[in-house]
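Please read the following briefing beside the sequence and the model.

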Amino acid sequence: MKLLPFDKLGAREANGIVDFGIFLPWISQNDGNRLWVKIIHEKDQFLQDIQPLQFELKHSIDSEYGDYWSIQININTQAKSISKSAWGEPGRYVYRYFLQNPNKGEIDWIIDPFAREFGVGKLSAFTLGYQPYEWSQPEKTWKTPNLKDIVLYELMIDEFGGNIDGTIEKLSYLADLGINCLEIMPLSNVALTVDWGFLPLGYFGIDERFGKRRDLQKLIDAAHQHNIAVIVDAVYGHTGDDFPYSYVYKKLGYRDNPFMGTFAKDYFGESTDYNRKFTQDFFYTVNYHWLDVYHVDGFRYDCVPNYWDGSTGVGYANLVFNTYKTVKEKREAGEYWQRFFNNDTINLIQCAEQLEGPKEILEQTYTNSTWQNETLGAAKSVAHGNRGDLANLGFKLGLDGYPTEITNNSDQIAKMALQYIENHDHSRFVCNFGAIARDNDLLQEGNRGLWYKVQPYLISIFTAKGIPMLWQGQEFGENYYLPEQGFGRVMLLRPVRWDYFYDAIGNSVITLVRKLIKLRKLRSQFTEGSHFFYNNHDRYHSKNVLLFSRQHANQFSLVALNFGDSDQSVPFWFPIAGDYQEELHSENNLIGVPSYSEYWLNIPKNYGRIWTVTTNT
């Protein structure tokens, strides 16, 4: 893979002069094609008597990527179309391309695939008088956290904070909670105003509904100042149908495409074809752009099966390898690139959503973390009363069979999977215990009155092996229902209800979450220790109880969880004699515990206990 010549692509403005450039392989002037750009000031775009100005691009051939169209426009010297127009004023201008083809006529509303900014819907944008963001001085010393230390928080900008400024205002809250890494749902341009963002049209900037380049840069800078890393959703296996490399060639009636096409699996959207070098280089350049311009700490790669063709393929594995290699080569670059280097580790976060083969993706690629729905699936089964799945949940909490480190080409890469019971794809976990009906199925909600049943599951993910992840508002009992399929999933805004933070339920949930995160940071056994699951049906699972231990050197903790509706007393044989502190409430401390002798433990219903040895005897 190689970087595209980005300095000749998209709209680039300097001193009132704007250069436009776009690759349109197989669309040549020799075949009678002509290409224009239509430009209008953002203030004028909804005024009926002010039309965009049009400029025809020139065609040439790029030795690497073929047909290239470009033009240079001096905004200051170009006459206005009407006196009241804002043309020539500083600010944002929106533009689009349109193509004249001798056989198909005019093809309008072509988005610039290399635009750095966007307007409403299918419009690209640039800013006249753009001032680059000035990063803060702490950005030069910020370090991306080690994988084992991450406590992850998934959010959608418009639902979490309302906008970027609102999200920045809540960074202090997230830092106080103990979060040190954000996973932000797709920021790239899409066609709709209310949308999850998984059908991108533009990849090199943030959608106008969130803001401009400098707004997101300010958010990431502020996050780093709060010691919070930021990874962004990367949707590279499919696009929206208005993505120009899909839209234009379909309109032209081409049977083949230089960018799109069947590659691996085609679950939804328009599939990207990684057999094309242009496609490979495009998404590699997208990664580099976000690392370089926005200072992100890594990526959460969406729907990896769409471009997974094996560990030595040209798709996903090739992209994460080249991204890692590029970062590795920046070791001596200093400045903001130093964030990834901590002694001998390279802390670039590359997280896969490969739910069909999460172990495989860690074992065979430069991916260092992965989503996995196995824990979630086992937890949901237990929540629905399937006691037989407690053993399955126990093994999943220990990430049984997952690698912890892999050596590839002499690169030692730590590996870890995420642990969660909620994410954007599913209803809130409390919905498994009961729902409150509304006049529309989309508006039903989980019964927050049953919040206490979620407690043992929360305890489990923060004490288990792996990276714990919260979905926005989960920490104070958010209870939205989400349909399993249909447009109701993505076209309904579900803003975090911050008022929940203040009610009795919210206070109880967040108190527990804060304790668990603090404990995880305090005790090394929870971030890097071994995990042992006590798999005994008669002794534990038959009573809705699950036990596992975490140990690192001489640090030992026993986690005892009760998923049932009645208190339980169960026997246990502690491997280390001594005094044990109960970490959640310090009310059930165990004094003088013998080693390898039967000791009875009391575990409250719908809750748990965490005992840590403090004095060895």
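In this predicted model, Q419 stands opposite P468, a residue of strand 26. Strand 23 and strand 26 (residues 467–471) run parallel and are joined by 2 bridges, where two strands count as paired if DSSP finds at least two bridges between them. Local features need pLDDT of at least 70 and side-chain atom pairs count only at pLDDT 80 or more, while totals for chains, interfaces and linings use all residues. Residues are numbered from 1 along each chain as its sequence is written, and side-chain values use heavy atoms, with hydrogens and water left out.

**Barrel**
- The barrel is closed by 8 strands in the order 11-12-13-16-19-20-23-26, with parallel pairing; helices (H or I, at least four residues) and strands (E, at least two) are DSSP runs numbered from the N terminus.
- Strand 12 (residues 181–184) pairs with strand 13 in the parallel sense over 4 bridges, and L182 stands opposite V230 in strand 13.
- Strand 13 (residues 229–234) is mostly covered, with 6 of its 6 residues buried, where buried means under 20% relative accessible area, exposed over 50% and partly exposed in between, for a 1.4 Å probe and protein chains only.

- Helix 5 (residues 244–251) is largely enclosed by the rest of the structure, because 6 of its 8 residues are buried, namely P244, Y245, S246, Y247, V248 and Y249.
- These buried residues pack against strand 2 (17–23), strand 7 (91–101), strand 8 (105–110), strand 15 (270–271) and helix 6 (277–293), and helix 5 is followed by G253, whose phi is positive, near 80°.
- The largest nonpolar core has 167 residues, and those with the most contacts inside it are F20, F114, Y236 and Y245; such a core is a set of buried Ala, Val, Leu, Ile, Met, Phe, Trp, Tyr and Cys residues joined through side-chain atoms within 4.5 Å.
- A second, separate core has 18 residues, including F556, Y580, L590 and L601.
- Leaving aside neighbours within four places in sequence, the residues in contact with Y236 include Y203, T272, F283 and L319, contact meaning heavy atoms within 4.5 Å.

- The largest pocket has a volume of about 890 Å³, and of its 34 lining residues the closest to its centre are W196, F198, F268, D425 and V490.
- A pocket is an open set of points on a 1 Å grid over the protein atoms alone, where a 1.4 Å probe fits, with protein on both sides within 12 Å along at least five of seven lines, and lining residues have an atom within 4 Å of a point.
- The second largest pocket holds about 670 Å³ of space and is lined by 36 residues, of which T404, E405, I413, A414 and K415 lie nearest its centre.
- Strand 22 gives the most to the lining of the second largest pocket, with 4 residues.

**Positive phi in loops**
- N409, in the loop between strand 21 (405–408) and strand 22, has a positive phi near 50° although this residue is not a glycine, and N409 counts as exposed at 59% relative accessibility.
- Y596, in the loop between strand 32 (590–593) and strand 33 (598–603), is likewise not a glycine and has a positive phi of about 55°, and Y596 counts as exposed at 60% relative accessibility.

Terms used: Points joined across faces, edges and corners; volume = space filled by probe spheres on them.
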